[in-house]
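Biologist: Could you walk me through reading a model like this one? I would like the general idea each time, then the case at hand.

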Amino acid sequence: MNKVLKILIVLNDLDEKLKIFRDEKYRELFSISNKMVSTWEKKREREFKKLPVEIQDNYERLRKRYGFGLASVTEGSCNNCNQKLPTYIFAIKDPNKELNICPSCGIYLIL
Ligand SMILES: [Zn+2]
């Protein structure tokens, strides 16, 4: 698997977790302390710094626009914009070896 894609998957998970942590009711219900949240934030920062700078900028831009920077694929369509992806993406033996971007919305894809 592509090295950058691997980091993006971890980062996406951490960002989703931190998004849930922003909910005060959730934190109360599951006894999530501020210390725990800051531990996750630090973990997130460490992963983020592993990305090449241009990918960092793009990922943050996508998160601002769509709420996340990485999307999966269902039945050949991007799960962010729902557009059908070009077939050449799937013609490759190991499509996740490359970092793929949806031609319609620009989000990073996990195939
Ligand atoms: Zn898309």
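Modeller: Let's go through a helix, some strand pairings and a loop residue. This is a predicted model, where local features need pLDDT of at least 70, side-chain atom pairs count only at pLDDT 80 or more, and totals for chains, interfaces and linings use all residues. Residues are numbered from 1 along each chain as its sequence is written.

Biologist: How many residues does helix 4 have, and what span does it reach?

Modeller: Helices (H or I, at least four residues) and strands (E, at least two) are DSSP runs, numbered from the N terminus. The expected span of a helix is 1.5 Å times one less than its number of residues. Helix 4, residues 53–66, has 14 residues and reaches 20 Å from first C-alpha to last, close to the 20 Å expected. Just after helix 4 comes Gly67, with a positive phi of about 95°.

Biologist: Which strands pair with strand 1, parallel or antiparallel?

Modeller: Two strands pair if DSSP finds at least two bridges between them. Strand 1 (residues 70–74) runs parallel to strand 4 (residues 108–110), joined by three bridges; Leu70 has Tyr108 as its bridge partner there. With strand 2 (residues 77–78), strand 1 pairs in the antiparallel sense over two bridges, and Thr74 stands opposite Ser77. These two strands form a hairpin with two residues between them, and Glu75 in the turn has a positive phi of about 45°.

Biologist: Why does Pro103 count as partly exposed?

Modeller: A residue is buried if 20 or more other C-beta atoms, placed from the backbone, lie within 10 Å of its own, exposed if 12 or fewer, and partly exposed in between. Pro103 counts as partly exposed because it has 13 C-beta neighbours inside 10 Å. Pro103 sits in the loop between strand 3 (100–101) and strand 4, with Cys78 9.5 Å away, C-alpha to C-alpha, though 25 residues apart in sequence.
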